[in-house]
Amino acid sequence: MNEMKVLVIHGPNLNLLGIREKDIYGNHDLSFVNEYIRQEAETLGLEVEIFQSNHEGEIIDRLQHAMGKVDGIIMNPGAFTHYSYAIADAIAGISIPTVEVHLSNIHGREEFRRKSVIAPVCIGQISGFAHVSYALALRALLEVSGKSER
Ligand code: DQA
């Protein structure tokens with residue numbers, strides 16, 4: 001039994017999943033995505049905590065609070081992906097392996113979405129697989145942490 005603890009952070013406007021731009025983000029709402037994450041985590045034997053905020057400062061506070069308490073972070077920073085150096089600095093500062101995830105393929109969208117200021121301080125980025133992006137990130141964190149039993 002591994003005891004890896006993972007914090008999942010959803011950034012701004014992800015509370016509107018299932019309502020906003022369904023052609024891009026699909027029909028599933030955030031509670032569906034969160035239930036999917038919880039089930040995937042249980043299958044992998046991971047402890048998971050999920051947080052959503054529309055506020056940059058709250059996200060930074062949550063990241064700092066995670067220091068020494070979690071083994072990995074999965075973060076969909078929403079639009080903060082493209083310009084929040086403050087969130088990038090927080091991730092760099094806490095030294096917790098972090099995976100950036102996106103529902104949509106940001107590299108196939110508008111020019112401003114193709115750049116992430118968060119990715120350079122993450123161990124990797126998963127983009128374009130809808131809610132499955134989160135499951136892939138859980139698997140990636142588990143495998144690279146060396147706590148996988150496989
Ligand atoms: C997103 C992509 C961002 O560009 C956008 O601002 C979002 C969602 C995604 O999951 O595809 O809010 O992070």
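A: The answer below starts with the source of the model and then turns to the ligand.

This is a predicted model, in which local features need pLDDT of at least 70, side-chain atom pairs count only at pLDDT 80 or more, and totals for chains, interfaces and linings use all residues. Residues are numbered from 1 along each chain as its sequence is written, and side-chain values use heavy atoms, with hydrogens and water left out.

Around the ligand are R20, Y25, N76, G78, A79, H82, H102, L103, S104, I106 and R113; a residue is listed if one of its heavy atoms lies within 4 Å of the ligand. Sorted by class, this shell holds four nonpolar, five polar and two charged residues. Here Ala, Val, Leu, Ile, Met, Phe, Trp, Tyr, Cys and Pro count as nonpolar, Asp, Glu, Lys and Arg as charged, and the others, Gly among them, as polar.

The side chain of R20 has an N or O atom 3.1 Å from a ligand oxygen. For H82, a polar side-chain atom is 2.7 Å from an oxygen atom of the ligand. L103 takes part through its backbone, where a polar atom lies 2.8 Å from a ligand oxygen. On its own the ligand has 320 Å² of accessible area, and the protein covers 98% of this; such areas come from the Shrake-Rupley method with a 1.4 Å probe.

Notes:
A polar contact is a pair of N or O atoms within 3.5 Å; within protein, one must be able to donate a hydrogen and the other to accept it, and residues adjacent in sequence count only if both atoms are side-chain atoms.
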